[in-house]
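This briefing is organised by topic and is intended to be read alongside the sequence and coordinates.

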Amino acid sequence: MIKPQTKVPPLEVKTVDGPLWDLGEQKPENFTFVFFYRGYHCPICRKYLTDIDRNLDELADLGIQAIAISSDSEERARKSKEEWRIEKLPIGYGLSIEDARAWGLYVSKAIKPEEPETFSEPGLFVVRPDGELYAASIQTMPFTRPSIEELIFGFSYIVSNKYPGRGES
């Protein structure tokens, strides 16, 4: 488990229609949101990423950059971006299962033909510009994710009040 106020593991992924994305090279004003999603097969991920994409400007106004990452292949990640009509949110792909586990994500085996053999379950990590974990939310299945509206409300307060990260003890 990665504790708040400690460094997160390195993270580098290819992005659909974009450059190689390296967490260590990100320079947001306040935070980088790393949204790990299950993959193209997940209809709940589709709604979640669509909601994030629609609210990306509000996140940017708070000094927050975002990316969504899965273990999907380039082909499946591209389908997610195109079919889900993701316009602004960068879509990273090719997350190894080893890297998923290093981030503390749960890993599942396929139970349906359209699922990859193994894939990571959802997780949200909020990382400071220096690579320190501020907050995390990790799930064992596609349900119970915080809504983007809740996140924006909370992080508006956090940024305005310079609220410290919690859970480090």
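**Briefing on the predicted model**

Lys-47 is exposed, at 53% relative accessibility. The model is a predicted one. Lys-47 forms a salt bridge with Asp-51, with 2.8 Å between the closest N and O atoms. Asp-51, in contrast, is buried, with a relative accessible area of 10%.

**Helix H1**

- Asp-51 and Lys-47 are 4 residues apart in helix H1, which means that about one helical turn separates them.
- Helix H1 comprises 12 residues (residues 43-54), and at 1.5 Å a residue it should span 16 Å; the distance of 17 Å between its end C-alpha atoms agrees with this.
- The buried residues of H1 are Cys-45, Tyr-48, Leu-49, Asp-51, Ile-52 and Asp-53.

**Salt bridges between separate parts of the chain**

- The whole structure contains 8 salt bridges.
- One of them joins the side chains of Asp-17 and Arg-78, at 2.8 Å from N to O.
- This pair connects distant parts of the chain, 61 residues apart: Asp-17 belongs to the loop between strand E1 (12-15) and strand E2 (21-22), and Arg-78 to helix H3 (residues 74-83).
- Asp-17 is exposed, with a relative accessible area of 59%, while Arg-78 counts as partly exposed at 25% relative accessibility.
- Asp-17 and Arg-78 also belong to a network of salt bridges that includes Glu-74.
- A further salt bridge is formed by the side chains of Arg-38 and Glu-121, again with an N to O distance of 2.8 Å.
- Arg-38 lies in the loop between E3 and H1, and Glu-121 in the loop between strand E7 (118-120) and strand E8 (123-127); the pair therefore ties together parts that are 83 residues apart in sequence.
- Arg-38 is buried at 10% relative accessibility, and Glu-121 is buried at 2%.

**Helix H3**

- Arg-76, Ala-77, Ser-80 and Lys-81 are buried in H3.
- Because these residues cover an arc of only 140° around the axis, they lie on the same side of H3.
- Glu-75 and Glu-82 are exposed on the other side of H3.
- The packing partner of the buried residues of H3 is E5.
- After H3 comes Arg-85, which has a positive phi near 60°.

- How many of the 5 residues of E8 are buried? The count is 5 of the 5, so E8 is largely enclosed by the rest of the structure.
- In a regular strand, side chains alternate between the two faces of the sheet.
- In E8, both faces are covered: Gly-123, Phe-125 and Val-127 are buried on one side, and Leu-124 and Val-126 are buried on the other.
- E3 and E8 run antiparallel and are joined by 5 bridges; in E8, Phe-125 is the bridge partner of Val-34.
- E8 also pairs with strand E9 (residues 133-138) in the antiparallel sense, over 5 bridges; in E9, Ser-137 is the bridge partner of Leu-124.
- The hairpin of E8 and E9 has 5 residues between the strands, and in this hairpin Gly-131 adopts a positive phi near 90°.

Technical notes. Residues numbered from 1 in each chain as written. Predicted model: local features only at pLDDT ≥ 70, side-chain atom pairs only at ≥ 80, totals over all residues. Heavy atoms only, no water. Helix = DSSP H or I, 4+ residues; strand = E, 2+ residues; numbered from the N terminus. Expected span 1.5 Å × (residues − 1). Buried < 20%, exposed > 50% of the residue type's maximum accessible area, 1.4 Å probe, protein only. Salt bridge = Lys/Arg side-chain N within 4 Å of Asp/Glu carboxyl O. Arc of directions from axis to C-beta. Contact = heavy atoms within 4.5 Å. Pairing = 2+ DSSP bridges.
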